Amino acid sequence: MDNLKIPATERSPDVDFDFAAGRLSLRGESYPEDASTVFGPIFAVLEPFLDNAENRDIRFDFELIYFNSSSAKALMNMFQMMENAAGRGVRLEVNWYFAPDDETMKEFGEDFAEDLKSVTFNLVATTPS
Amino acid sequence: MSSETGETGTAFNLFDAEERVLASATELEHRLADADPGIRQGVAALTEAYSRSVREQRRLVKVSDRLQHQLATLNQELGRRRAEAEEALDRLKEAQETLVQAEKLASLGALVGGVAHEINTPVGIALSCASHLADATSDLQRLFAADDIGIDDFERFLATAADTSRLIMANCERAADLIGSFKQVAVDRTSSERRRFDLAGSIAETLTSLTPRLRQEGHKVEIVCPPGIDVDGYPGALSQILVNLAMNSVTHGYDPGQAGIVRITAALTEDDMVRLVYSDDGKGIPEEHRNRIFDPFFTTRRGSGGTGLGLHIVYNLATGPLQGSLSLDNLPAQAGTRFTLIFPRQIARAP
């Protein structure tokens, strides 16, 4: 499966999916005019990947600074998809990074974690640079 | 991933899961066609409520997206404007710094002018005395050469020689004294060196350098300062403050041809502070300007060469190097202008 690498733009995050290594990440900001332009390509590859990842170790890093409501909805859908895959035996670990002074981003992580039973979800405070 | 509405034209649909739930709810309603009407109505009501809720969710996401988009745009704009404002402020500060330096140089120029004028008098007297003595000497030489010299001639020459040499010496000493004091003022003014100095002496030297300018308009200066106040600080800053205040009095305080009195009263307070009161008996500062006189670039004479920095510099010197305070005292209209400067006799080590 081809890796997916999309550099960040002013209003969309950096996407780095290394399927061979099982390391996926989303970093940056996400408030696109149309959520499908950002999340369409992500879902298009993520779904078939998770469908065939049984017994693999997958790590997904989220290091988001800001996202809008439809991005939040898309992330929720993504977590639902991961939870389903984890239920099927994909070993999924999610690292949710937040700046120590960003209470909102931490709360978002806690909200998402609430619906996850099979996915390992870690809240990680980033060290200020 | 399938999309039943296909609203974005791609396979991606944010509300895919919700739409599938709604589709199966409709399916469920069909299968309940023969069920109890109460159950059918209940399921229909639930489906309807969920459908409304999803529609509301879509609407909220759309509204919220739009607001967040606007917010992001505004934040960018704000950042850009702030960067612009900061840059403008930096440029302004630079320009202000340049003007402050220019103003300092200009007042140094005025000082040099004053020095030249002041020294001119004793040097001029000495020169004319020397010339008179030279004339008398050559007269005597001629008489001596002609062997026509009398006791009277010789006595007159001796009197002239005694008078002129006394005057030459006195005036040269006066000139030397002036040069000495100006040298100190100039050094202090141009360097920001800290040293111990006698307060009364420093005030007197500074005012002496201003005398020509003040005398030209007929103004008088009165200094009341007890001798022996030994200040440890920046004499240049103090000198600059007095020059700027005096120049302001001359420029703004009096109408042309009107002569006044400038008073400087200094004393030591109980808590080892120097309290210096500067006043003139001129027109005073109009009520509406009093709050702004220390602001940089505030001037009532923009057109005629005022930079609006004179009192700003005074204020900065008083509160900066001198570590003190400066206030404009509230006097009734037409009662003149009075500033009170208070600063520690001995300034703290690190200013």
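The largest cavity of this predicted model holds about 40 Å³ of space, and the count of cavities of 30 Å³ or more comes to one. A cavity is here a set of points, on a 1 Å grid over the protein atoms alone, where a 1.4 Å probe fits but cannot get out; grid points are joined across faces, edges and corners, and the volume is the space filled by probe spheres set on the points. The largest cavity is lined by B:Ile285, B:Arg290, B:Leu328, B:Asp329, B:Leu331, B:Gly336, B:Thr337 and B:Arg338, where a lining residue has an atom within 4 Å of a point. This lining divides into three nonpolar, two polar and three charged residues, with Ala, Val, Leu, Ile, Met, Phe, Trp, Tyr, Cys and Pro counted as nonpolar, Asp, Glu, Lys and Arg as charged, and the others, Gly among them, as polar.

Residues are numbered from 1 along each chain as its sequence is written, while chains are lettered from A and ligands numbered from 1 in the order in which they are written. Local features need pLDDT of at least 70 and side-chain atom pairs count only at pLDDT 80 or more, whereas totals for chains, interfaces and linings use all residues; side-chain values use heavy atoms, with hydrogens and water left out.

In chain A, an open sheet of six strands has the order 1-2-3-4-5-6 with mixed pairing; strands (E, at least two residues) and helices (H or I, at least four residues) are DSSP runs numbered from the N terminus, and two strands pair if DSSP finds at least two bridges between them. Strand 1 (4-6) and strand 6 (120-125) of chain A are the edge strands, each pairing on one side only, and the twist from one strand to the next averages 15°. Helix 3 (residues 103-114) of chain A packs on the sheet and touches strand 4, strand 5 (91-98) and strand 6 of chain A, its direction making about 160° with that of strand 5 of chain A. Contact means heavy atoms within 4.5 Å, and such angles run from 0 to 180 degrees between N-to-C directions, with axes fitted to C-alpha atoms, for helices over the stretch in contact. Strand 3 (residues 23-30) of chain A runs parallel to strand 4 of chain A and is joined to it by eight bridges, one of which pairs A:Ser30 with A:Phe67. In the loop between helix 1 (35-51) and strand 4 (57-67) of chain A lies A:Asn55, which has a positive phi of about 65° although it is not a glycine. A:Asn55 counts as exposed because its relative accessibility is 57%, the limits being under 20% relative accessible area for buried, over 50% for exposed and in between for partly exposed (1.4 Å probe, protein chains only).

In chain B, strand 2 (residues 220-224) pairs with strand 4 in the parallel sense over five bridges, whereas seven bridges join strand 4 to strand 5 in the antiparallel sense. Strand 4 and strand 5 of chain B form a hairpin with four residues between them, and B:Asp272 in the turn has a positive phi of about 60°. B:Asp272 is partly exposed, with a relative accessible area of 31%.

Helix 6 (residues 310-319) of chain B is mostly covered, seven of its 10 residues being buried, among them B:Leu311 and B:Ile313. B:Leu22, in helix 1 (residues 16-31) of chain B, is also buried, at 18% relative accessible area.

Terms used: 1 Å grid on protein atoms, 1.4 Å probe; cavity = no way out; pocket = protein on both sides within 12 Å on 5 of 7 lines; lining within 4 Å.
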